[in-house]
Amino acid sequence: MRPSAPPSDSLVPDGLRVLNARLAFDARVLFDDISLSLPASSWSCLLGKSGCGKSSLLRMMAGLDVSSNAHLTLVDNSDRPFKQRIAWMGQQDLLLPWRRVIDNVQLGAVMRGEPQDVDRAMALLERVGLGRAARRYPQTLSGGERARVALARTLFEQATLVLMDEPFAALDAITRLDIHAQACELLSDRIVLMVTHDPLEALRLGDQLLVMRGSPARVERVLPPEGNPPRNPATPAMSHHHGELLNALTEQTS
Ligand SMILES: Nc1ncnc2c1ncn2[C@@H]1O[C@H](COP(=O)(O)OP(=O)(O)OP(=O)(O)O)[C@@H](O)[C@H]1O
């Protein structure tokens, strides 16, 4: 296996630290004392066996109520409350079928009772290649187009931290490659933490690869391949890293 390093302890300027994350359901401790650093303008991909607590960790970071025995501290150098600086993108796009695409992009503003900004929403739709679909309803779009609308809605939020829980899992392989490239470019100035089950997706997009394993789970960093994301998945180096990451995911730890 390639050299791995424990999550860095240093505070990253303009980045984010998660400190002392703990989650238990009754007597079952999923993880305890997990700390990680998420650097500014970077993608961190979180992998691990089903049930190890990846989604729960993300939900805890989003400030959602996961368990009475859930705790973590988020630290960065901004004074604005975290809840105002977090965007969420999940496996389901959660587009409202009765709202046009342009209105779905602005949904966050509507729900918060803020003024809409049609020009900015339109500019974002143009950036994801869907300017001409602005007046359509979600059910008239393909899965890939819906995912791009969800991406535009995430961008509309102007959040510093973007939490993604398997956002591309439902897409076919080719559409996924396309949207990887787009998401990578459009979210390059954010702190992204993405849960994925797909090692190749993590290797393509991750500046940092975080593997949760063990019981209670710990987080270990696995070095990503050379080069900047989005990396070409069809290279010998990627195949090599793919094998190593699969090994890291399946190796048993106490
Ligand atoms: N409210 C709850 N009460 C009891 N157990 C729960 C509750 N919510 C989640 N769990 C358990 O916590 C564990 C972690 O769930 P979580 O969804 O975070 O895992 P995950 O690593 O994201 O899994 P997957 O990769 O399959 O999505 C699971 O075993 C789940 O059954």
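**A tour of the predicted model**

Begin by selecting L94, which counts as partly exposed because it has 14 C-beta neighbours inside 10 Å, a count that falls between the 12 or fewer of an exposed residue and the 20 or more of a buried one. Keep in mind throughout that this is a predicted model. L94 sits in the loop between β6 (86-89) and α2 (101-105), and although L94 is not a glycine, its phi is positive, at about 55 degrees. Most residues other than glycine have a negative phi.

Next, select N20, another residue other than glycine with a positive phi, here near 50 degrees. N20 belongs to strand β2, and it counts as exposed because 11 C-beta neighbours lie inside 10 Å, where the limit for exposed is 12 or fewer.

If you pick V18, you will find L74 of β5 standing opposite. Now display α1 as well, which packs on the sheet and touches β2, β3 and β5, with its direction making about 120 degrees with that of β2.

In which order do the 3 strands of the open sheet stand? The order is β3-β2-β5, with antiparallel pairing. The edges are taken by β3 (28-38) and β5 (69-75), each of which has a single partner strand, so one side of each has no neighbour in the sheet. From one strand to the next, the twist averages 5 degrees.

Turn now to the ligand and select the residues that surround it, among them F25, L30, G48, K54, S55 and S56. Helix α1 (residues 54-61) gives the largest share of this shell, with 3 residues, and by class the shell holds 3 nonpolar, 6 polar and 1 charged residues.

Move on to two peptide bonds, remembering that most peptide bonds are trans. S215 and P216 are joined by a cis peptide bond with omega about -5 degrees, and P216 lies in the loop between β9 (208-213) and β10 (218-222). A cis peptide bond also joins P229 and P230, with omega about 0 degrees, and P230 is placed in the loop between β10 and α8 (236-250).

Finally, select residues 16-239, where UniProt, in an unreviewed entry, places the feature "domain: ABC transporter". Over this stretch the chain is 30% helix and 27% strand, and its end C-alpha atoms lie 31 Å apart.

Key
Residues are numbered from 1 along each chain as its sequence is written. This is a predicted model: local features need pLDDT of at least 70, side-chain atom pairs count only at pLDDT 80 or more; totals for chains, interfaces and linings use all residues. A residue is near a molecule or strand if its C-beta atom, placed from the backbone, lies within 6 Å of it. Helices (H or I, at least four residues) and strands (E, at least two) are DSSP runs, numbered from the N terminus. Ala, Val, Leu, Ile, Met, Phe, Trp, Tyr, Cys and Pro count as nonpolar, Asp, Glu, Lys and Arg as charged, and the others, Gly among them, as polar. Two strands pair if DSSP finds at least two bridges between them. Axes are lines fitted to C-alpha atoms, for helices over the stretch in contact, and angles run from 0 to 180 degrees between N-to-C directions. Two residues are in contact if their C-beta atoms, placed from the backbone, lie within 7 Å. UniProt positions are given in the numbering used here, feature names are shortened, and annotations may be inferred rather than shown by experiment.
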